[in-house]
Amino acid sequence: MQGNYNKKMLSIFIVLMIIFNTAFIAYADNSIDLDCKSALLMDAATGTIIYEMNPNVKLEPASVTKIMTMLLTMEALDSGKISLDDDVIISGNVSKMVTGTRLMLEEGEVRTVEDLLYGIAVESANDASIAMGEHICGSEEEFVNLMNKKAKDLGMNDTKFLNSHGLHIEGHVTSANDIGIMSRELLKHPKIFDYISKYMVTVYVGKKNDVERELVNKNKMVRFFEDVDGIKTGFTDNAMYCISATAKRNNLRLISVIMGSPKTTVRNRDARKLLDFGFANYLNYSVGRKGDIVKKIKVNKGNLNYVEIVFEKDADLLLKKGEEKDLKKVLILPKEILAPISQGEKLGEVVVKKQGKDIGHFNLVSNSDIQKASFINNIKKSLHYWIR
């Protein structure tokens, strides 16, 4: 009897192990069950795609379009072309927008750029998107042209924008891959989190500035998930339910894109599923931060004796968990360098190796300009050397 019992328990144990291992292998092989037309999971730091499903299928993005509108807004702010305090006089063209979500802006009222940015990022206001485009480019048409130029510059080859807000127009399309690209580009502007991460914001609109509007973020994931802090949702009958969501844990930031989902709950569930998969299996390995000093090297015939060598930009690697062990960093730099040297000039690199294989190359640059030493300067150096 005892022997039969032991055999039975052993059989149960083996079956459980097979079930567990099968489930684990499916998860590790990216076999994720999603109910949507296309999807993508991207590492924000490196742009590496962790998971994709029909990533280049051209689909309508609905209000996810506004990611590009916000990106161009942030670029205009950073360049000084516009400021958050700019007064924007609402045009008749803007006030005629009566479809979809709106701030209900009236012709002639004055809003600031920041008011409009909250309207776009939180309320997903179509009229605010048009007003922002007019303020940046003078007209909605020119702003759409700028959107398409930026898309081309970023390599968004599946994209054609026909408006700044995402309401249905035949031929207004993008892909999960391209949404990932523009989302990553937007997140390079840290200030945008002041807007996309807000769940509720109060603004005042109307010609007398006396109409209070309580804006509630269409992206409910920023409320219900502590690690989610953006980006943008969208819905039309043609596009169905779409989202680009970003979340960060430890040093790993991910971008999860879902397009063509049948329901809000399904869309959010699948976006969360992708994020959880990424956080469970991957990590961000930081080699160095932009501007970190790596070494000082000698300068010959320069007005300074040494130059600081720094990382050109943030140096990150996306690794599967466990791969961070036994990494080797190789520093490739000359022992000395001849002046002149320009700030930002590449002088070497850091190579990261694992088991002898290169897995990452990161540029090292000069932290300053070094001019050729003058004749008098060389005499002084020589005297100083001999006296010392």
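Predicted model: local features only at pLDDT ≥ 70, side-chain atom pairs only at ≥ 80, totals over all residues.
**The surroundings of Gly47**

With a relative accessible area of 24%, Gly47 is partly exposed, because that class lies between the limits of under 20% for buried and over 50% for exposed. Apart from neighbours within four places in sequence, Gly47 makes contact with Met42 and Arg184. The C-alpha atom of Gly47 is 9.4 Å from that of Ile255, although 208 residues separate the two along the chain.

**The chain as a whole**

The protein chain contains eleven helices and 17 strands. Of its contacts with a separation of 6 or more, 63% are between residues 24 or more positions apart. Further totals are listed below.

| Property of the protein chain | Value |
|---|---|
| Buried share of the 388 residues | 47% |

**The packing of α4 and α5**

Helix α4 (residues 113–123) packs against helix α5 (residues 126–137) at an angle of about 140°, and their axes are 8 Å apart. The two helices are therefore oblique to each other, and their crossing is left-handed. On the α4 side, Val113, Leu116, Leu117, Gly119 and Ile120 take part, and they meet Ala128, Ser129, Ala131, Met132 and His135 of α5. By class, this contact comprises seven nonpolar and three polar residues, with no charged residues.

Conventions:
Residues numbered from 1 in each chain as written. Heavy atoms only, no water. Axes fitted to C-alpha atoms, helices over the stretch in contact; angles between N-to-C directions. Helix = DSSP H or I, 4+ residues; strand = E, 2+ residues; numbered from the N terminus. Parallel < 35°, antiparallel > 145°, perpendicular 65-115°, else oblique. Left-handed = near helix turned anticlockwise from the far one by under 90°. Contact = heavy atoms within 4.5 Å. Nonpolar A, V, L, I, M, F, W, Y, C, P; charged D, E, K, R; others polar. Buried < 20%, exposed > 50% of the residue type's maximum accessible area, 1.4 Å probe, protein only.
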